[in-house]
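Dear colleague,

My notes on what was found in it follow directly after.

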Amino acid sequence: MHNGQVKATPVVGLVGNPNSGKSSLFNILTGLRQRIGNFPGVTVEKKAGMLTLPGLPTVELIDFPGAYSCYPTSLDERLVVQELTNPEGDLFPDAILYVADITKLDKHLLLFTQLRDLDLPMILVLNMADLMDADGLTVDIPRLSKELGVPVVPVSSRDHRGITELKAAIAGLLQDPNRHRPRQAFFEPGANTRDVLTELRRELPARNDYHALLLTHHAPWLKHIPDATRHQVQEARVRHGFHSLRSQVEETMERYNTFEPIVRSAVRHAGDTSSRSDRIDNVVTHPIFGPILFIALMLLLFQALFAWASIPMDLIEFTFGSLGQSIRETLPAGWFTDLLVDGIIAGLGGVLVFLPQIAILFFFIAILEEVGYLARAAYLFDSLMQRFGLNGRSVVALISGHACAIPAIMSTRTISNWKERLLTILVTPLTSCSARIPVYVILISFAVPPVVYFNGLISLQGLAFAGLYFLGILAAMLSALAFKVVLQTPERSFLMLELPEYRIPVWRNVGTTVWQKSKTFVLEAGKIIMIISVILWAASTYGPPEDMAAAEAQVTERARTQELSEDEAADLLASERLEASYAGHLGKAIEPVIRPLGYDWKIGIALLTSFAAREVFVGTMATIYSIGSTDDEFRIRERLAEERDPVTNELVYNRATSWSLLIFYVFAMMCMSTLAVTKRETNGWKWPIVQFVFMTAIAYIGAMVVYQSLA
Amino acid sequence: MPFPVPAAASLFEAGQSGTIDRFTNEYLAGKLLDIGVRPGSRLRVVRKSPFGGSWYVKIDRQCLALRKKELACIMVK
């Protein structure tokens, strides 16, 4: 395996228990040069980044998901075992940075000793070294390094100590992977596994006894084991009475017995470091104050979304407005300028305006995660969630669903019970994700008067905003309950959740999250919006030639007979042309279906495009209403407020229609990416189709009821 | 010591503590061992969750949330 040659792109894996601070370290080592994708074949988020070390080719650093041991219970952990037991795989690391929390070495070394027995070149990284002086914690690094047989580097993601040393250690290990080969295993497979191992050792693609043992344990699900070998393993397991669980328990106990004395001899705790966390938890997880605090936090969040974001939003609106204006003035008039200003800039600007609110939301959720609050929320609501067929961990998905359903759905893989996980996946998109913010903001201003109470502290519109979010949560819970009754599975369900100590957030991590997510939103959503804006611009500018000609003739005729001014004639021409265009035809075609909800054909166009991604709504509106107009294209809100029905001359965006649209957007499944993730996570089209149908049905019925009772 | 003979930790009231003796469910034992809960660890039931059903438990210096079923397989003396 290790022949002293450094590969063209060496792979270094970051491995460690959940909550060991792996991701912080990853952020420090790679900065913003990260690529977020999926591990091949599974939707486990794969974070990879580049690391440059002097005298070495660029190193690919992969952040593996957190795992407790080589006996996985969740999809995340399975992935770690899958990749680390497959020396032929692309992701098999040339070196491992094993990250452990310096205060929890007595627990975090279990996986370390297992990986060590797999003969992987490793460095033990002791994170949170900043606690070493503060809390009277002392660690005998040379002793630890000698006993464990690997380089040990204490680092801190807070004050960046040890990072230079760590980089040097990585370079050293990559150049000479054989220097720290284990001399002695931490664990020797016991007598009752001896027989099965002797038989299988030759058949299995194993590097040593422990590798063979793990393959024997996990052959039934490991992807890189050929079917023939799998059957062989199964037969040998039966023949020799191999009891996987019992063997696991024995191994784990023995490992603790081996490494615990090492930790005890090298680490000294002076005081009880967790007393501060305990005091905080007395309030935060209190049976009464806990839930109250939770609700208060959520209310604060939604108020913040409305209040704090207004200044940057105005700024972006202004910038795009002047940009479009100056392009119109500099470029010659023609179809290209129209496409650029009416199609691309109008569509993009309409969405970028909402970036501040999206950033605030991710900022909030990143802080809750960093501090350690999300685990508490899962504890607080576990039994409540169970009544709805969900798991305490579903709370994490339901909260992050307010930012974006895609990472939220991916976070459900920590739920080991399939039914609880499926229910969480199905109902999470009902929580109001950040893409709904643009739609809510615009429509609420038509649906709710701008009344404020308590000197502007609470606004009626802010309350309505919070109400819509609450409606989404309510719908999610009730749908889960309905699915719980319909689906029956006897599988076992667990909570068994670690409540990490409270920590002041590492601001760098919060910043990285906000930056990454905002960037993804702009790039991913921007791409779709751009394409749809251009298509929409074309579809609403061009139409069947005879219809367009008829529309123009009619306008010329009316302008002459009614003696319209030049501006009036231009406006009339624009609206008649839109109606005669391809988009107009499409909108008219679906008008009968959406009429009961109070929508006209223009809203119909926006609805249709929204099914790709709901944030397209505002961009579509901007494009539709700016076609052919000489006004400032970016004041969509004002344009919509002035829009009147050509027949009845009533305002189109009245209270009934606005509320009906709001309700539709709360419930409807309008995000292709979410459906794609659901498909991948559930391995088939069945559940995404169920999800699409049930959500859109609730949306249609809900919006109809609201419109019919308000109109 | 409230219980001289090993008893299931789910019988504990908030505030009671003991030393883990053994587990009565192998599957749960595997999971508990992985996260660092093992015979010899000190277990203290800190409080019950607001809607019942799960417990805030302190094992050695580690805080965990466990359901009643999960606590029931931990024998404490």
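**Pairing between the chains**

A:Glu498 has B:Leu64 as its bridge partner in S5(B). That bridge belongs to the pairing of strand S12 (residues 497–499) of chain A with S5(B), which run antiparallel and are joined by three bridges. Two strands are said to pair if DSSP finds at least two bridges between them. Helices (H or I, at least four residues) and strands (E, at least two) are DSSP runs, numbered from the N terminus.

Please note that this is a predicted model, in which local features need pLDDT of at least 70 and side-chain atom pairs count only at pLDDT 80 or more, while totals for chains, interfaces and linings use all residues. Residues are numbered from 1 along each chain as its sequence is written, and chains are lettered from A and ligands numbered from 1 in the order in which they are written.

**The interface**

In chain B, 27 residues are in contact with 30 residues of chain A; contact requires C-beta atoms, placed from the backbone, to lie within 7 Å. On the chain B side, at least two residues each come from helix H1 (26–34), strand S3 (42–48), strand S4 (54–59) and strand S5 (62–67). H1(B) gives the largest share, seven residues. By class, this side of chain B has eleven nonpolar, seven polar and nine charged residues. Here Ala, Val, Leu, Ile, Met, Phe, Trp, Tyr, Cys and Pro count as nonpolar, Asp, Glu, Lys and Arg as charged, and the others, Gly among them, as polar.

**Chain A**

Chain A contains 31 helices and twelve strands, and its C-alpha trace spans about 100 × 55 × 55 Å along the principal axes.

The unreviewed UniProt entry lists several spans of chain A as "transmembrane region", including residues 388–410 and 689–710. UniProt positions follow the numbering used here, feature names are shortened, and annotations may be inferred rather than shown by experiment. Residues 689–710 are 100% helix, with end C-alpha atoms 31 Å apart. Residues 388–410 are 57% helix and 0% strand, with end C-alpha atoms 20 Å apart.

**A residue to look at**

A:Met496 lies in the loop between helix H21 (460–486) and S12 of chain A. Its phi is near 35 degrees, a positive value in a residue other than glycine. A:Met496 counts as buried because it has 20 C-beta neighbours inside 10 Å.

With kind regards

Key:
Two residues are in contact if their C-beta atoms, placed from the backbone, lie within 7 Å. A residue is buried if 20 or more other C-beta atoms lie within 10 Å of its own, exposed if 12 or fewer, and partly exposed in between; C-beta atoms are placed from the backbone.
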